[in-house]
Amino acid sequence: MTMADSHPSPDSRLSPDRVLRHDSDLEEVLELLLDRALNPRQVWLLFLDAEQRLTGPVMPCDDYPLDPYGLEKTDDLGLVPCAEIFAAWIGGLLTGIGAARAVIVWERRGSRDFTPDERAWARAMALECGAEGVDLRAQFVLHDDGIRQLTADDHLG
């Protein structure tokens, strides 16, 4: 056995050159990266370049508000809903790192069934990202058994 044989090769599905054209490709990569929920409640931000490749940091953010429509005062935006602040922040991150699109993963312990909280946040983020000109590629829920995409039918229906 050579030294090269003793080290596992990296999973080609996680290659930084992999183009994630389809949501199923994106879901596969997220499942490999995040596996399953370990935290009671947090959100992950991931970024894609113009060619649909994963780029930039993978950012966990905890302690986000329960209500996406709850009002918060900011120095630059005034008194606005939390989802609007979050969308503007994501837009700034996209610009700062030179990414083209964002992906949101809502992590929480529990079953694969979507909660009213997740549906509300997904709906609010879809609307606010649209209003802010932020290209939100997809949203997912990371639960005890893996990951599941939260589509417009799930949060608008």
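Student: In which strand is Asp62 found?
Tutor: This is a predicted model. In it, Asp62 touches Arg41 and Gln42, leaving out residues up to four places away in sequence. Asp62 itself is found in strand β2.

Student: Is Asp62 buried or exposed?
Tutor: Exposed means over 50% relative accessible area. Asp62 is therefore exposed, with a value of 56%.

Student: How far apart in space are Asp62 and Leu30, C-alpha to C-alpha?
Tutor: In sequence, Asp62 and Leu30 are 32 residues apart. In space, their C-alpha atoms are separated by 18 Å.

Student: Now another aspartate. Is Asp25 buried or exposed?
Tutor: Asp25 has its place in helix α2, residues 23–34. Setting aside neighbours within four places in sequence, Asp25 is in contact with Arg18, Val19 and Leu20. The cut-off for buried is under 20% relative accessible area. The value for Asp25 is 18%, so Asp25 is buried.

Student: Which element gives the most residues to the largest nonpolar core?
Tutor: The largest nonpolar core has 27 residues. Elements that give two or more residues to this core include β1 (41–48), β5 (101–108) and α4 (116–132). With 7 residues, the one that gives the most is α3.

Student: Which residues does Ile90 touch, not counting those up to four places away in sequence?
Tutor: Ile90 is among the residues with the most contacts inside the largest core, as are Leu45, Trp106 and Met125. Beyond four places in sequence, Ile90 touches Leu45, Ala102, Ile104, Met125 and Val134.

Student: How many residues are in the second, separate core?
Tutor: Leu34, Leu48, Phe140 and Ile147 are included in this second core. Its total is 15 residues.

Student: How many residues of β6 are buried?
Tutor: β6 covers residues 136–143. This strand is mostly covered. The count of buried residues is 8 of 8.

Student: Which residue in β6 stands opposite Glu107?
Tutor: β5 and β6 run parallel and are joined by 6 bridges. With α4, they make a right-handed β-α-β unit. Opposite Glu107 stands Leu142.

Student: How many residues are in the hairpin link that joins β6 to β7?
Tutor: β7 is a strand of residues 146–149. It runs antiparallel to β6, with 4 bridges between them. Leu142 stands opposite Ile147 in β7. The hairpin joins the strands through 2 residues.

Student: What is the angle between the planes of Trp106 and Trp121?
Tutor: A pair of aromatic rings is described by the distance of the centres and the angle of the planes. A search of the whole structure finds 6 aromatic pairs. Trp106 and Trp121 form a tilted pair, 5.4 Å centre to centre. The angle between their planes is 40°.

Student: Why does this pair tie together parts that are 15 residues apart in sequence?
Tutor: Trp106 is buried, with a relative accessible area of 1%. Trp121 also counts as buried, at 2%. The pair ties these parts together because Trp106 lies in strand β5 and Trp121 in helix α4.

Student: Which residues form one aromatic cluster with Trp106 and Trp121?
Tutor: Both tryptophans belong to one aromatic cluster.

Student: Which arginine lies over the face of Tyr64?
Tutor: Over the face of Phe114 lies Arg148, at 4.1 Å from the ring centre. For Tyr64, the distance from the ring centre is 3.7 Å. The residue over Tyr64 is Arg41.

Technical notes
Residues are numbered from 1 along each chain as its sequence is written. This is a predicted model: local features need pLDDT of at least 70, side-chain atom pairs count only at pLDDT 80 or more; totals for chains, interfaces and linings use all residues. Side-chain values use heavy atoms; hydrogens and water are left out. Buried means under 20% relative accessible area, exposed over 50%, partly exposed in between (1.4 Å probe, protein chains only). Contact means heavy atoms within 4.5 Å. A nonpolar core is a set of buried Ala, Val, Leu, Ile, Met, Phe, Trp, Tyr and Cys residues joined through side-chain atoms within 4.5 Å. Two strands pair if DSSP finds at least two bridges between them. A crossover is right-handed if, with the strands pointing away from the viewer, the path from the first strand over the helix to the second runs clockwise. Rings of Phe, Tyr and Trp (its six-membered ring) pair if their centres lie within 6.5 Å; planes under 30 degrees apart count as stacked, over 60 as edge-to-face and the rest as tilted. A charge sits over a ring if NZ of Lys or CZ of Arg is within 6 Å of the ring centre and within 35 degrees of the ring normal.
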